[in-house]
Amino acid sequence: MCLDKLKELGVSTASEWASAMGYETHNALAKVIKRILNDMPEKIVVTYNRRPRHYKAL
């Protein structure tokens with residue numbers, strides 16, 4: 001569900017992604033992003049590894 005929303009958004013930051021999901025802060029997705037990066041690294045790309053990071057779903 002989170003990756004589907006990221007595909008709709010395209011390249012976005014965690015704050016933009018969280019607000020599109022209906023959350024108030026980007027910290028709400030922090031644990032989810034870590035799990036996606038650990039379990040399915042082939043489905044997400046982090047283009048800028050410093051803050052603000054930009055995420056893109058493949």
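Author: Let us begin with threonine 13, which counts as buried because its relative accessibility is 12%, where buried means under 20% relative accessible area, exposed over 50% and partly exposed in between, with a 1.4 Å probe and protein chains only. This is a predicted model, in which local features need pLDDT of at least 70 and side-chain atom pairs count only at pLDDT 80 or more, while totals for chains, interfaces and linings use all residues. Residues are numbered from 1 along each chain as its sequence is written, and side-chain values use heavy atoms, with hydrogens and water left out.

Reader: Where is threonine 13, then? And what is it in contact with?

Author: Threonine 13 sits in the loop between H1 and H2; helices (H or I, at least four residues) and strands (E, at least two) are DSSP runs, numbered from the N terminus. If neighbours within four places in sequence are left aside, threonine 13 is in contact with Pro52, Arg53, His54 and Tyr55, contact being heavy atoms within 4.5 Å.

Reader: What kind of peptide bond joins arginine 51 and proline 52?

Author: That bond is cis, with an omega of about -10 degrees, and proline 52 itself belongs to the loop between S1 and S2. Most peptide bonds are trans.

Reader: Okay, over to the helices. Which residues of H1 are buried?

Author: In H1, which spans residues 2–9, the buried ones are Cys2, Leu3 and Leu6. They lie on the same side of H1 because they cover an arc of only 95 degrees around the axis, the arc being that of the directions from the helix axis to the C-beta atoms. Lys7 and Glu8, on the other side of H1, are exposed.

Reader: And what covers the buried residues of H1?

Author: The cover includes helix H2 (14–21), helix H3 (30–39), strand S1 (44–46) and strand S2 (55–57).

Reader: How do H1 and H2 pack?

Author: Their axes are 10 Å apart and meet at an angle of about 110 degrees, where axes are lines fitted to C-alpha atoms, for helices over the stretch in contact, and angles run from 0 to 180 degrees between N-to-C directions. H1 and H2 are therefore roughly perpendicular to each other, since angles under 35 degrees count as roughly parallel, over 145 as roughly antiparallel, 65 to 115 as roughly perpendicular and the rest as oblique. Cys2, Lys5, Leu6 and Leu9 of H1 make the contact with Glu16, Trp17, Ala20 and Met21 of H2.

Reader: Which residues touch the most other members of the largest nonpolar core?

Author: Of its 13 residues, those are Leu6, Trp17, Leu29, Ile33, Ile44 and Tyr55; a nonpolar core is a set of buried Ala, Val, Leu, Ile, Met, Phe, Trp, Tyr and Cys residues joined through side-chain atoms within 4.5 Å. H2 supplies the largest share of this core, 4 residues.

Reader: Last topic: how exposed is histidine 26?

Author: Histidine 26 is partly exposed, with a relative accessible area of 39%, and lies in the loop between H2 and H3. Leaving aside neighbours within four places in sequence, histidine 26 is in contact with Ala14, Ser15 and Ala18. The C-alpha atoms of histidine 26 and glutamate 16 are separated by 7.9 Å, the two residues being 10 residues apart along the chain.
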